[in-house]
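Hi everyone, thanks for coming along. I'd like to walk you through one model today, starting with the whole chain and then stopping at a few places in it.

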Amino acid sequence: KNLKSLLLQRFSLSLFIVNQPSFYMKIKLTYYILFFIILVSFSVFIKYMLNHDDKLDISGIYDRPVKLNELEQKRWNESEILTFPNSKKIKYVKYHPVDLKLTERIMDLGEPILMKNSPAMDWAALEKWKNKDYINEKLGVINVHTPKTPYVRLHSPDLTLHPLNRFPELNFTNLPWIEKEIYPKIMFENPEKLIYYMTNIYTIPDDMKSDIYPLNFAMVPWSPPLEINFWAGNRFVTTPNHFDMVHNFYVQVTGKKRWILFNPKDHEDFALFPNIHPSDRMSMLNFNHNETYSIFDQFLTDKFDVYETVLEPGDCLYIPPFWFHYVTVVSEEVSMSISVHTESYEAVVRERVLGKSERLLNKLISFSAPSIPQNINILRYYIGLILLNIVDDFNEDEYKKSPLLTDTNEADHILSSYCKRILSARWDHLHHDKIVIGLDELLERGTNKFPSHEEINSSVLDEYQKETIQSSIKDIASFFSEVQFPNRDILLFNHIEHFTSYALGALNTKPFLKYCSNMI
């Protein structure tokens, strides 16, 4: 009310002095008019902030998903574009500079969201990065993958997280790509060649970094980015269906990419590689390969929660943690993009659980071969109690007051169910993989050396071992309880595989899962 009165008073005075001829009065008039404009702008801003609803308006549907009847118009063909019969269009929100919490609220929605009208629309990179001479001069020689097929296989050489890498008898020379050093202009001048490049943004020149300013709309104030990556690829290059454990804001700079995204609740149907495999987090399903459908025909059904869209320059797509995505370059021009990764709470939980579990198991297990039966029972008791004590509606205060559940029969039932699911989801399809030669024989060797039921049953836990495990179970189970389904399920699958390999060795992982699945 006071603001309105002041505005009316100033406005009336300005009307009064319009007819005054003196130079002084004209200056004063200009002052009052400017004052009036500033106050009106400020009042509009205050009204917006007071009435602003924390819930995002996602009523709009982005209008550029790929449809089969648009293929000729866009000069694409059916070999490049696959539209699932039940695909949904990705929802969008409109960027607003005064909405300081937009990025956080997008994350809270927990589904893929397209940010329209973001500052990326004004990036200098949208024009400058189309110039092959500019990119060639700035980047210089780069180390690229030249895959034999458009399908770029994920493969990590890490020995700790993926212990199957440790076995020299496995042949990884059949990997479907070759690394080469080239100048970037080769990508522009040879659009028919399959070339793929990725690097951390901090390795590119400062001039190129300034081309993508500002980037803060894809960040949150409470956590610095884990990494910011630069991607480049030629037409048809495809990243396989996989998930990441981070919040990902993906900005398309040049070219176009088709995205197919799947809800993590369907993770058991994607034929993922095991957690200890170098292609961990990746699905064996190649949606553009006919043989895939003969093996995994469930993808011809409409049971999955699928989203599709094509990103064009300036588009910013949010991919939540654990959401699966299958990405293909569909433009004739080189695709270049930026991804901003922010650590997820699930990743924090994983690190806490890994540290606490390693300290616990190191007190109890022995890494010598004769101790394997004892380690199996320790692992079985440890994992079973964790699964038994996880709750869905987690309340920290109530959980601390609740007693520890130690019913071993019930724990074995839950553990058996989980191990059956892990085998079905991640191990039963490994023989279809033609890339890693010798894996079947290696796993068979592990099965033949696994202790018999009699040896396992003869090695029982003493009270000290049980009490030591029980002392840490509530803390570990509470961490898992804080994560919602289905992300918690994926974390648990990974945890069971990781610590089975840690306590028993990589070759005993599948036999242990089989042993536990047959307990009940």
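Buried residues make up 53% of the 520 residues in the protein chain; buried here means under 20% relative accessible area, exposed means over 50%, and partly exposed is in between, with a 1.4 Å probe and protein chains only. Please keep in mind that this is a predicted model, where local features need pLDDT of at least 70, side-chain atom pairs count only at pLDDT 80 or more, and totals for chains, interfaces and linings use all residues. Residues are numbered from 1 along each chain as its sequence is written, and side-chain values use heavy atoms, leaving out hydrogens and water.

The protein chain has 17 helices and 14 strands, taken as DSSP runs numbered from the N terminus (helices are H or I, at least four residues; strands are E, at least two). Of its contacts with a separation of 6 or more, 84% join residues 24 or more positions apart, a contact being heavy atoms within 4.5 Å.

Let's go inside, to helix H3, residues 102-109. Which of its residues are buried? They are Leu102, Thr103, Arg105, Ile106 and Met107. The buried residues of H3 pack against five strands that you can pick out on the screen: S2 (91-94), S3 (113-116), S9 (246-254), S12 (316-319) and S14 (335-343). After H3 comes glycine 110, with a positive phi near 70°.

Next, strand S8, residues 238-242, which is mostly covered: five of its five residues are buried. S8 pairs with strand S13 (residues 324-329) in the antiparallel sense, over three bridges; for two strands to pair, DSSP has to find at least two bridges between them.

Now over to helix H16, residues 487-504, where threonine 500 lies. Is threonine 500 buried or exposed? Threonine 500 is buried, and its relative accessible area is 0%. Leaving aside residues up to four places away in sequence, threonine 500 touches Leu379, Ile383, Gly505, Asn508, Thr509 and Phe512.

For contrast, let's finish in helix H2 (residues 23-51), the place of isoleucine 37. This isoleucine 37 is partly exposed, at a relative accessible area of 46%. Thanks, everyone, and I'm happy to go back to any of these spots.
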